[in-house]
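Welcome! Please take a look at the structure below, and then we can walk through some of its features together.

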Amino acid sequence: MKKFSGVGVALVTPFDETGRVDEHSLRNLVNYVIDGGVDYLVALGTTSEAATMTADERAFVVQVIAEENAGRLPIVLGIGGNNTNQVIHDLATLPYLRLGDAILSVTPYYNKPSQQGLYNHFKAIAEHTPLPVILYNVPGRTSVNMTAAITLKLARDFENIIAIKEASGNFEQATAIISGMPENFIFLSGDDGVALPLVSIGASGVISVIANVMPGEFSTMLHLALEGEYGEARQIHLQLGEMFKALFEEGNPAGIKAALHARGVIACQKLRSPLCEVSEALYQKIKRLGE
């Protein structure tokens, strides 16, 4: 399962001015990031605005990504939610799951389950899919943090739970997971800005936002770090520092869509409500940083 090491890119979903999925821009984006050197594609993650897409739109987006990818890279599909039974139903019925090589499943949001509740949720998911499962811990969005102890228990108890995208920003927690995880388990950074230091303590990669717009630079940095070439990797990390911050200054994926529009990769930076486009000042800042 090391094919999920390196740089996975959390693809945005381009929309046109009317708010419909922009198929042409999406196809262009897929080729852009593949040509840039990313290692795998992540569809229907947070950055994709999947939460505001219909079931038909989600299926269409996966179909387009898979068609344009044409088997070149592995595809990870975001399949999660705060209703365990609904997630299990989706795993049994969504036809586009056949197009994925693994699923990325977020901790349940809003409900605020206990640690035992989190374990039960992911146990049910692991038992109802033959696909590899990447856990996704992002307490800043879900209001619940999955502890290192529960992550490690899930990693040990289920062979198809193969990785975690850890976006808690807690280095002590990251250290505990990395030091205690099974040999073939994969630790992925959930934040671009800390991917390099996390690789230095044993992370195997990152699921990235910035790789949408700077796939070459970011992938080079990450692979240098994985090869132990920290001097060169550090230089790139420092060069990207301002962009890391700017892309999230007014929220994700507003920042990354602005960057992609400024670079001409997508035709429109439209987002779906309740999200909205970045301010003109931030757009100009992101454009300058991307030059």
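Helices here are DSSP runs of H or I with at least four residues, strands are runs of E with at least two, and both are numbered from the N terminus. The peptide bond joining Ser-273 to Pro-274 is cis, with omega about 15°. Another cis bond runs from Asn-252 to Pro-253, where omega is near 10°. Pro-253 belongs to the loop between H10 and helix H11 (254-263).

Leu-44 also has a backbone feature to look for: its phi is positive, near 65°, although the residue is not glycine. You will find Leu-44 in the loop between S2 and H2.

## About the model

This is a predicted model, in which local features need pLDDT of at least 70 and side-chain atom pairs count only at pLDDT 80 or more, while totals for chains, interfaces and linings use all residues. Residues are numbered from 1 along each chain as its sequence is written, and side-chain values use heavy atoms, with hydrogens and water left out.

## The largest pocket

Which residues lie nearest the centre of the largest pocket? They are Leu-44, Thr-46, Ala-50, Ala-51 and Tyr-109, out of 31 lining residues. The pocket holds about 830 Å³ of space. (On a 1 Å grid over the protein atoms alone, a pocket is an open set of points with protein on both sides within 12 Å along at least five of seven lines; a cavity is a set where a 1.4 Å probe fits but cannot get out; lining residues have an atom within 4 Å of a point. Points are joined across faces, edges and corners, and a volume is the space filled by probe spheres set on them.)

Helix H2 (55-69), helix H3 (84-93), strand S4 (102-106) and helix H5 (139-142) each give two or more residues to this lining. S4 gives the most, with three. By class, the lining has 15 nonpolar, eleven polar and five charged residues. (Ala, Val, Leu, Ile, Met, Phe, Trp, Tyr, Cys and Pro count as nonpolar, Asp, Glu, Lys and Arg as charged, and the others, Gly among them, as polar.)

H5 and strand S8 (205-208) each supply at least two of the lining residues.

How do helices H9 and H10 meet? The axes of H9 (residues 215-226) and H10 (residues 230-246) come within 8 Å and cross at roughly 145°. (Axes are lines fitted to C-alpha atoms, for helices over the stretch in contact, and angles run from 0 to 180 degrees between N-to-C directions.) Contact, meaning heavy atoms within 4.5 Å, involves residues including Phe-218 and Leu-224 of H9 and Ile-236 and Phe-244 of H10. The contact residues comprise nine nonpolar, two polar and two charged.

The whole structure has three aromatic pairs. One of them joins Phe-4 and Tyr-40 edge-to-face, 5.6 Å centre to centre with 85° between the planes. Phe-4 lies in the segment before strand S1 (6-10) and Tyr-40 in strand S2 (residues 40-43), 36 residues apart. (Rings of Phe, Tyr and Trp, its six-membered ring, pair if their centres lie within 6.5 Å; planes under 30 degrees apart count as stacked, over 60 as edge-to-face and the rest as tilted.)
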